[in-house]
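Take a look at the structure below.

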Amino acid sequence: MKKVLEVDGLSKIYGKGCSQCAQLTGPDCDTNICPQCGSVVAAHDLSFDLYEGEILGIIGESGSGKSTAVKTLYFDEEPTAGSATFYDGQTKHDLFELNKAQQRHLANHRFGMVYQNPHLGLNFGISAGGNIAERLLMSGERSYSTIRARATALLTRTEVLPERMDELPKNFSGGMQQRVQIAKALAIEPPLLFLDEVTTGLDLSVQASILDLILEIQQELKTSMVVVTHDLGVIRLLAGRTMVMKYGRIIESGLTDQILEDPQHAYTQRLVASSL
Amino acid sequence: MSASVGYNFGFMDEYAKKEIRRTVLKAVAIPGYQVPYSSREMPMGRGFGTGGLQLTLSLIGVGDNLKVIDQGSDDSVNAVNLRSFIEMTCPGIDTTTSVDEANLIQSRHRIPEKPLRDDQVIVMQVPYPDPLVIVEPSEDRRKIQHGEGNYSKLLVKLYEDIVQFDEITISHRYPTCINNHYVLDPSPIPRWDVPKMHQSRALILFGAGREKKIYAVPPYSKAEPLVFDDVPFRIEDFRDEHSVRRPCARCGCTSSFLDEFIDSENGEKVYQCSDSDWCDEQLAQQGEC
Amino acid sequence: MQKPILKLEGFSKHFLLHEQDKVIPSSHGVNLEAYAGKLTALIGPTGAGKSSVLNGVYRTYLPSSGSILYKTKDERCVDLATADEHQILDLRRHEIGFVTQFLRFLPRQATQDVVAQPLCRKGVSYEVALSRSQEMLAAMNIPERLWSVSPATFSGGEKQRVNLARGLIAKPRLLLLDEPTASLDPKTTDAVVELIKDLKAEGSALVAIFHDPSLVERMADDVVALTPPQQIEKKSEKI
């Protein structure tokens with residue numbers, strides 16, 4: 001089994017931070033705001049890894065730092081401390097040591113991100129097909145007919161009618177927008193895909209079909225994924241392993257069935273007990 | 001008004017001219033890169049070719065022969081005014097309407113039909129220097145995209161054009177990649193003129209006075225319009241309804257860029273060479289025969 | 001002498017419920033061995049922690065103490081109680097199977113795909129896995145018209161048969177069975193018994209819980225009896 005990603009001691013503090021930040025925040029202190037300096041400790045000392053073809057779930061309530069974790073890995077945010085290594089075939093990338101241009105290159109060519117808010121992942125000023133084209137063009141594709149064919153295939157795969165590929169995303173339903181976003185993220189067949197609350201706010205039936213799609217894609221393409229959610233159902237369905245986060249800390253991690261059947265931490269027990 | 005009234009040769013002071021020359025050097029050194037400079041106030045409104053004018057005034061010296069063109073014509077208002085301003089402020093220079101005779105050409109919206117030589121410099125007047133401005137509102141992000149040679153957003157615009165109209169609809173200011181990296185806005189020249197930049201023997205300089213940018217296509221540089229591999233770049237073909245190439249109504253030339261006029265008497269469309277010097281030369285050659 | 005492929009020593013499992021401040025003991029001091037080609041039956045009254053043992057071996061439960069030594073196909077010795085999660089996932093994929101009392105499946109998935117899944121995960125092509133899956137479903141007397149629909153609407157007995165088909169299809173080296181025949185009719189039970197015998201003959205080791213003592217008699221090569229644990233403890237009293 002091949003390791004794809006290794007994260008070590010990842011931290012993100014919003015604010016100037018102080019020497020006490022780590023001690024005075026976290027689940028034991030019941031806050032992520034440092035009472036000394038007022039900084040927000042969004043994530044502290046996160047370490048985890050991800051293997052090829054694996055789906056890792058990160059679950060937690062809002063403010064637990066789960067989104068911060070993937071945002072730093074996708075270079076949307078800069079971490080305060082820690083390292084992350086991306087293993088891409090024979091090459092090894094020390095993510096936070098790369099310069100901005102190298103980071104963007106990696107994000108454009110090797111990573112995919114699907115956001116909860118389709119406005120973050122899609123350009124609403126251009127057609128659904130154009131959104132997919134952008135990603136292909138970024139990776140150097142220059143044949144119009146190839147781009148059309150790829151976009152048609154991707155939209156068909158994500159169950160968006162290809163006849164609608166030249167429409168603007170604003171004409172689409174929320175579920176459709178997410179499908180287009182997934183198609184865009186997958187356009188370059190990235191080995192690593194981040195999914196941030198992709199089904200939150202969608203109708204239950206739409207949620208289910210999007211989750212099915214993600215699972216099928218994972219099985220077809222063997223894409224490694226990090227799935228961030230507050231929904232135990234999503235974790236149960238998608239993730240082989242799960243990390244539970246609270247106030248910026250990983251409070252528990254393990255096999256997903258173990259987290260759900262035999263949760264160790266008081267918070268996880270409450271979470272599992274309260275799920276429908 | 002003359003130099004004796006107290007204006008320096010070339011209207012601008014020597015320091016201002018030096019700064020522009022340094023900027024030109026940088027622009028030549030980084031083909032296609034928009035070099036910022038401190039565009040001076042000129043005694044005319046910005047947008048009337050002040051960028052090109054400042055370049056010309058910084059480069060011109062006694063003994064130089066200058067041609068000023070506006071949309072191919074030496075007699076248009078903008079060309080006439082700029083020429084007389086330069087004549088006034090630069091005593092000792094010559095002006096001409098002949099491409100052959102000129103060693104410095106300032107032009108608005110056209111590159112002459114006749115291929116330029118390596119002892120000539122052409123200065124283009126530029127309203128909007130950044131080709132990315134139509135697809136990216138943030139200047140910060142535009143700079144990053146230029147730096148990384150990431151023109152995917154422009155290409156998406158071309159993609160959307162083909163989807164909507166079955167062809168690329170950009171008629172002027174066609175984004176063109178110089179020496180495999182920077183994409184520039186070649187000023188509002190028609191597509192017809194874009195291939196002339198490729199491996200041009202003459203140095204092509206671009207000056208945007210209002211936007212305070214100077215950039216260059218150095219001699220013998222690659223200039224490639226942004227296209228898809230399977231949707232080639234096309235220039236205007238000037239074919240009539242029978243697919244026959246229209247000739248110039250004046251000189252009969254079938255290989256030049258044509259302007260379309262409405263004949264004021266019979267209301268019919270008339271096609272004529274846009275480049276007046278070229279047209280005159282064709283007529284003169286016919287006279288010789 | 002034959003060496004066991006699975007050996008539990010002093011295995012215990014208790015649940016610490018933070019909310020109620022309680023420790024609920026389940027299995028306690030379990031010693032158990034499983035051998036290739038043999039079936040070890042776990043017996044004991046309700047609440048003796050039989051299922052917890054199987055869940056512990058599969059790592060659905062985190063063992064509280066003791067060791068669970070497993071000898072892999074390539075002769076490595078792994079303590080399943082402490083092994084790396086990736087290693088557990090790999091063993092689940094290739095060597096260890098678990099048939100629980102309840103069928104867990106992805107919603108909206110056809111029954112034949114549910115059954116084929118363990119083979120696909122092992123790397124078998126979908127076509128081959130599908131035809132094997134159909135054979136298994138036929139052997140379990142699941143009517144063909146149900147193969148292409150989701151098992152969500154199936155009866156308890158049908159679900160259990162699907163569950164067994166899925167558990168047996170990949171012929172795991174170590175198969176854990178938790179009351180696999182509880183709601184089956186005698187005819188299907190006999191079919192299951194035959195399939196399990198075949199699996200044993202092919203060299204798999206099995207650890208099973210049967211609700212029916214006569215099945216233990218019919219199938220078990222070894223029997224391990226568990227006793228119910230002590231009273232539920234208050235966490236704060238237990239030091």
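How does A:Arg110 count by its relative accessible area: buried, partly exposed or exposed? A:Arg110 is partly exposed, with a relative accessible area of 27%. Keep in mind that the model is predicted.

**Salt bridges**

A:Arg110 has a charged partner. Its side chain meets that of A:Asp88 in a salt bridge, at 2.8 Å from N to O. A:Asp88 sits in strand β4 of chain A, while A:Arg110 sits in the loop between α3 (100-109) and β6 (111-114), so the pair ties together parts that are 22 residues apart in sequence. A:Asp88 is buried, with a relative accessible area of 15%.

The side chains of C:Lys7 and C:Glu33 meet in a salt bridge. This pair links distant parts of the chain, 26 residues apart. C:Lys7 lies in strand β1 (residues 6-17), and C:Glu33 lies in strand β2 (residues 22-34). C:Lys7 is partly exposed, with a relative accessible area of 30%. C:Glu33 is also partly exposed, with a value of 30%.

A further bridge joins C:Arg93 to C:Asp90. Both residues lie in helix α2 (residues 85-94) of chain C. They are three residues apart, about one turn of the helix. C:Arg93 is partly exposed at 29% relative accessibility. C:Asp90 is partly exposed too, at 27%. Elsewhere, salt bridges that share partners join A:Lys3, A:Glu6, A:Asp49, A:Glu54, A:Arg241 and C:Glu85 into one network.

| Residue | Partner | N to O distance |
|---|---|---|
| A:Asp88 | A:Arg110 | 2.8 Å |
| C:Lys7 | C:Glu33 | 3.9 Å |
| C:Arg93 | C:Asp90 | 3.8 Å |

Over all chains, the count comes to 55 salt bridges.

**A charge without a bridge**

Which side chain of opposite charge is nearest to C:Arg166? It is A:Asp257, 11 Å away. C:Arg166 is buried yet has no salt bridge. A salt bridge needs a nitrogen and an oxygen within 4 Å. C:Arg166 belongs to helix α5 (residues 156-169) of chain C. Leaving out residues up to four places away in sequence, C:Arg166 touches C:Leu103, C:Arg104, C:Phe105, C:Val114, C:Val115, C:Gln117 and C:Pro118.

**Positive phi angles**

Now turn to the backbone. A:Phe75 has a phi near 70°, a positive value in a residue other than glycine. A:Phe75 is found in the loop between α2 (66-73) and β4 (81-88) of chain A. A:Phe75 is buried, with a relative accessible area of 16%.

B:Tyr220 also has a positive phi, near 60°. B:Tyr220 lies in the loop between β9 (213-217) and β10 (223-225) of chain B. B:Tyr220 counts as partly exposed, at 44% relative accessibility.

Among the buried ones are C:Val53, C:Leu54 and C:Tyr58.

**A buried methionine**

B:Met12 lies in the segment before α1 (14-29) of chain B. B:Met12 is buried, with a relative accessible area of 4%. Which residues surround it? Setting aside neighbours within four places in sequence, B:Met12 is in contact with B:Lys17, B:Ile20, B:Arg40, B:Met42, B:Gln54, B:Leu57 and B:Ser58. B:Leu57 is 45 residues from B:Met12 along the chain, yet their C-alpha atoms are separated by 7.5 Å.

**Chain C as a whole**

Step back to chain C. Its secondary structure comes to seven helices and ten strands. With 239 residues, a compact globule would have a radius of gyration near 18 Å, and chain C agrees with 18 Å. Its C-alpha atoms fill a box of roughly 55 × 40 × 35 Å along the principal axes. Buried residues make up 50% of the chain. Of the contacts with a separation of 6 or more, 70% join residues 24 or more positions apart.

The accessible surface of chain C comes to about 11100 Å², of which 51% belongs to carbon and sulfur atoms. Chain C has 30 positive and 29 negative side chains, and the centres of the two sets lie 2 Å apart.

Which chains does chain C meet? Two pairs of chains touch, and the most contacts are between chains A and C. No contact joins chains B and C, whose closest C-alpha atoms lie 37 Å apart.

Terms used:
Residues are numbered from 1 along each chain as its sequence is written. Chains are lettered from A and ligands numbered from 1 in the order in which they are written. This is a predicted model: local features need pLDDT of at least 70, side-chain atom pairs count only at pLDDT 80 or more; totals for chains, interfaces and linings use all residues. Side-chain values use heavy atoms; hydrogens and water are left out. Helices (H or I, at least four residues) and strands (E, at least two) are DSSP runs, numbered from the N terminus. The radius of gyration is taken over C-alpha atoms; the globule rule is 2.2 Å times the number of residues to the power 0.38. Buried means under 20% relative accessible area, exposed over 50%, partly exposed in between (1.4 Å probe, protein chains only). Contact means heavy atoms within 4.5 Å. Accessible areas come from the Shrake-Rupley method with a 1.4 Å probe; for residues, only the protein chains shown count as cover. Lys and Arg count as positive and Asp and Glu as negative; His and the chain ends are not counted. The place of a charge is taken as NZ of Lys, CZ of Arg, CG of Asp or CD of Glu.
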